[in-house]
Amino acid sequence: MRSFMDRCCSRCTHSPQTPCKDYVLCRRDGPFCHDDPECRRLRQKWLNSHFPPVGSNRRRLLVCGGLTCGAAGSFSLPEIFQEAIKKAGLEEQVTVTLVGCLGLCEEGPLALVMPEGILYCRLKPEDVPAVVEEHLKGGKPVERLLFRDEAGKVYPLLSEIPFYRKQQRVVLERCGYINPEDIAEYIAAGGYRALTSVLFSLSPEEVIEEIKKSGLRGRGGAGFPTGKKWEAARRVPSSKRYVICNADEGDPGAFMDRALLEGDPHAVIEGMIICGYAIGSDEGYVYVRAEYPLAVKRLRIAIEQAYAAGLLGENILGSGFTFHLHINEGAGAFVCGESTALMASIEGNRGIPRIKVPRSTEKGLFGKPTVLNNVETFANVPLIILRGSQWFANIGTKGSKGTKIFALSGKVKHTGLVEVPMGTTLKELIFDIGGGIKGGKRFKALQIGGPSGGCIPEDMLDLPIDYESLTGAGAMMGSGSVVVMDEDNCMVNTARFFLSFTERESCGKCTPCREGTKQMLNILERITRGEGSPSDLSLLEFLGQVVKATSFCGLGTSAPNPVLTTLRFFRSEYLQHVMEKRCAAGECVALRRFVILVDKCIGCGACAYVCPVKAIKGEKKKPHHIDEKVCVKCGRCFEICRFQAVKRL
Amino acid sequence: MGEAILEEVVRSYRGRPEKLIAALLALQRHYGYLPEPALRTLAQELGVPLSKVYGVATFYAQFRLKPRGRHTVCVCLGTACHVRGSEQIFHALKRELGVEPGDTTADGRFTLEVVSCVGACSMAPVVVVDEETHGRLDPEKALALLKKY
Ligand SMILES: Cc1cc2nc3c(=O)[nH]c(=O)nc-3n(C[C@H](O)[C@H](O)[C@H](O)COP(=O)(O)O)c2cc1C
Ligand code: SF4
Ligand code: SF4
Ligand code: FES
Ligand code: FES
């Protein structure tokens with residue numbers, strides 16, 4: 001059966017071999033080359049088949065196929081829905097689509113009914129008949145499956161859920177609303193129009209000017225102005241230039257780039273082609289981390305479909321511009337997110353950074369001028385072209401324009417994918433959008449920027465999200481991971497955790513990073529074991545400054561940040577560890593003990609059941625006790641006891 | 001069968017040293033690890049010294065030089081999983097399987113591994129068994145998971 005991407009009749013001639021410049025616009029508003037009401041009607045019908053207009057009797061059921069919902073069981077839902085819809089005789093009225101991450105991952109598996117915008121949470125296969133019969137057929141949403149806040153208030157509409165209300169989803173606009181494995185959906189939603197207008201109405205210099213005027217800065221961490229980078233690469237005389245998309249996303253706690261690649265891969269591809277045109281490059285690479293097989297799969301499909309439609313390859317849309325795109329899978333090394341290490345890795349070498357003179361924009365991949373940008377940076381590009389640099393520059397703050405996507409995780413109620421305008425405060429992010437702390441616990445810190453970033457305490461939550469404010473606080477925008485910690489998380493142990501990560505991931509090229517992180521880790525381990533002394537704190541600070549000042553690449557120069565920020569904002573916790581040999585949060589294993597309170601224990605045996613080393617003995621219904629010689633201090637008994645009979649000392 | 005994949009990899013990347021990592025990934029996907037004889041052939045055909053092949057194979061966390069068990073149990077120790085207690089899960093699995101990360105149980109059933117984030121942070125703590133991601137775990141749920149494989 002013919003559909004959206006096909007020709008309306010034999011008069012349409014577009015193919016990669018015989019390209020037509022109107023191809024993209026024609027799908028939505030065509031045909032342009034001839035005037036035939038029948039063809040026009042066909043085009044309209046095909047467009048509507050993807051996005052039924054409001055008021056029509058047709059609906060779309062979008063099942064979230066993001067990694068998190070998928071792992072929670074969503075991948076099997078479309079088939080089950082289809083089956084039930086067929087049985088209910090609604091095939092003509094409802095189409096089921098597997099989409100990318102809808103954002104509120106915490107409540108997954110999610111499904112969204114469009115055009116009404118009604119969101120279902122925690123869907124199970126056995127809920128499908130109810131949704132089909134009561135809602136899709138009967139017109140009445142199934143209340144028990146709707147989003148419900150802690151007070152029990154029900155929110156049927158996605159747009160009214162507090163998690164979404166304060167967001168401004170522009171880069172994520174299509175993510176969750178289109179089938180990422182079908183280029184037709186991207187084009188039907190307005191995709192590749194920016195590329196068309198670039199190829200046929202803007203010079204490369206004008207494209208660069210537009211990006212410069214928008215104020216777009218790199219979303220991969222450092223915030224370098226994107227337009228300036230492109231201009232630098234274009235200026236270097238060369239017959240060959242490269243475009244690279246950094247999809248290494250090595251920060252543990254980050255999943256924005258994964259979600260974009262899984263949910264809207266063509267936006268990234270389109271941004272890369274536009275960059276290629278602007279800097280005069282005919283070849284690009286997407287460097288994706290190996291831990292993201294689903295993202296690689298969706299990207300591969302997207303690239304194939306873009307080639308088949310003539311949007312990648314030779315003579316794109318007949319413009320004379322050629323661009324080829326490859327996927328390069330990483331192999332698991334955090335340092336490969338660093339630009340020069342990443343290029344070394346594409347060249348088949350160990351990912352070791354090189355000195356940045358000359359810059360990559362002069363001598364990058366295979367010695368050629370190269371522009372390397374982050375996934376989200378590229379995804380912003382088509383938007384800026386379509387809506388204008390002025391529109392973009394109106395969002396955000398003076399120095400940081402546009403929006404930023406964050407991956408919210410940790411002890412916050414609503415974990416998931418969030419997009420907010422720059423300048424939003426951290427408090428809004430954590431409390432208004434994230435819903436605050438889980439389980440009535442107290443907020444302690446948020447970690448932003450991953451291993452290169454820092455921990456920010458409660459009294460600094462009014463900080464606006466922009467590059468300079470965060471750097472000023474000793475943290476970093478980073479790529480967008482935000483991990484929330486509560487009173488049960490120990491900040492010394494958190495610092496130890498990050499140092500053990502950077503120490504492991506240090507490539508070993510330079511001494512300050514290789515040895516410095518190791519020494520810092522030794523000290524932190526000593527402190528968490530209760531063997532630290534007060535002088536260790538100043539030693540840590542000193543070492544941290546040295547490693548920061550003298551390391552070769554960004555991994556080393558930022559590795560001390562988690563330690564230095566915790567020392568600055570949570571010094572009392574360090575002091576408690578070294579002076580009193582106590583960890584109030586109870587996370588440092590060596591510093592804790594567990595005992596069972598005889599007067600509270602009812603002898604239910606729950607603790608003995610979960611104890612991994614059988615350290616708990618006792619008769620049923622009689623007080624139990626812990627053999628401290630056997631106990632490995634895992635704390636499971638403490639967590640499991642419903643009678644507060646296990647005490648942590 | 002094993003030889004066929006080697007031939008195919010060699011055919012597509014012969015004389016292209018920059019394809020070393022892609023070639024290693026392809027071999028590992030097939031064998032589950034990187035057998036030494038295959039590495040020797042690869043070095044020759046791609047035109048890179050064996051020492052460099054070894055250097056690359058040991059630099060990247062994804063590559064294994066030892067055969068793996070029938071199932072790979074991979075515990076996420078990334079930040080989001082860490083703050084939600086992944087270390088306890090790791091210790092529980094380590095104790096149960098009796099092996100260190102990277103090693104395989106004596107019966108060849110499980111290989112224990114660790115990873116820093118698989119991007120499923122919203123459902124932390126996470127364990128990936130083979131290709132399947134399991135979230136919102138605690139030590140008991142993680143141990144129960146093993147029974148399914
Ligand atoms: C150790 C280290 C790891 C990095 N990891 C990433 C990463 O995973 N993703 C990313 O986009 N940038 C990462 N960066 C930043 C890149 O080096 C580079 O600045 C960025 O990709 C440039 O793109 P942008 O200007 O669009 O942000 C990392 C930097 C360092 C020093
Ligand atoms: S700072 Fe660390 S990662 Fe960077 S070059 Fe030095 S040793 Fe390697
Ligand atoms: S802390 Fe862990 S090992 Fe010790 S008694 Fe409790 S459950 Fe058993
Ligand atoms: S994966 Fe479904 S909402 Fe994020
Ligand atoms: S930290 Fe474990 S999945 Fe991201």
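**Entry 1: D130(B).** I began with D130(B) in this predicted model, and with 34% relative accessibility I noted that D130(B) counts as partly exposed, because that class lies between the buried limit of under 20% and the exposed limit of over 50%. I then looked up where D130(B) sits, and found the residue in the loop between β3 and β4 (132–134) of chain B.

**Entry 2: K614(A).** I turned to chain A for another positive phi, and noted a value of about 55° for K614(A), which is not a glycine either. K614(A) is placed in the loop between α25 (606–610) and β17 (616–617) of chain A. Is K614(A) buried or exposed? With 54% relative accessibility K614(A) counts as exposed, because the limit for that class is over 50%.

**Entry 3: cis peptide bonds.** I next looked at peptide bonds, keeping in mind that most of them are trans. In chain A the bond from V357(A) to P358(A) is cis, with omega near 0°, and P358(A) belongs to the loop between α14 (339–346) and β10 (370–374) of that chain. In chain B I noted a cis bond from A124(B) to P125(B), where omega is near -5°. I located P125(B) in the loop between β2 (110–115) and β3 (127–129) of chain B.

**Entry 4: the domains of chain B.** I looked up how chain B is divided, and found domain 1 covering 3–59 and domain 2 covering 71–147. The centres of these two domains of chain B, taken over C-alpha atoms, are separated by 29 Å.

**Entry 5: two helices of chain B.** The crossing in which α6(B) passes α7(B) is right-handed.

Which residues make the contact? From α6(B) I listed Q88(B), I89(B), A92(B), L93(B), E96(B) and L97(B), and from α7(B) I listed P139(B), A142(B), L143(B) and L146(B). Sorted by class, the contact of α6(B) with α7(B) has 8 nonpolar, 1 polar and 1 charged residues.

Notes. Residues numbered from 1 in each chain as written. Chains lettered and ligands numbered in written order. Predicted model: local features only at pLDDT ≥ 70, side-chain atom pairs only at ≥ 80, totals over all residues. Heavy atoms only, no water. Helix = DSSP H or I, 4+ residues; strand = E, 2+ residues; numbered from the N terminus. Buried < 20%, exposed > 50% of the residue type's maximum accessible area, 1.4 Å probe, protein only. Domains from an automatic or database assignment. Left-handed = near helix turned anticlockwise from the far one by under 90°. Contact = heavy atoms within 4.5 Å. Nonpolar A, V, L, I, M, F, W, Y, C, P; charged D, E, K, R; others polar.
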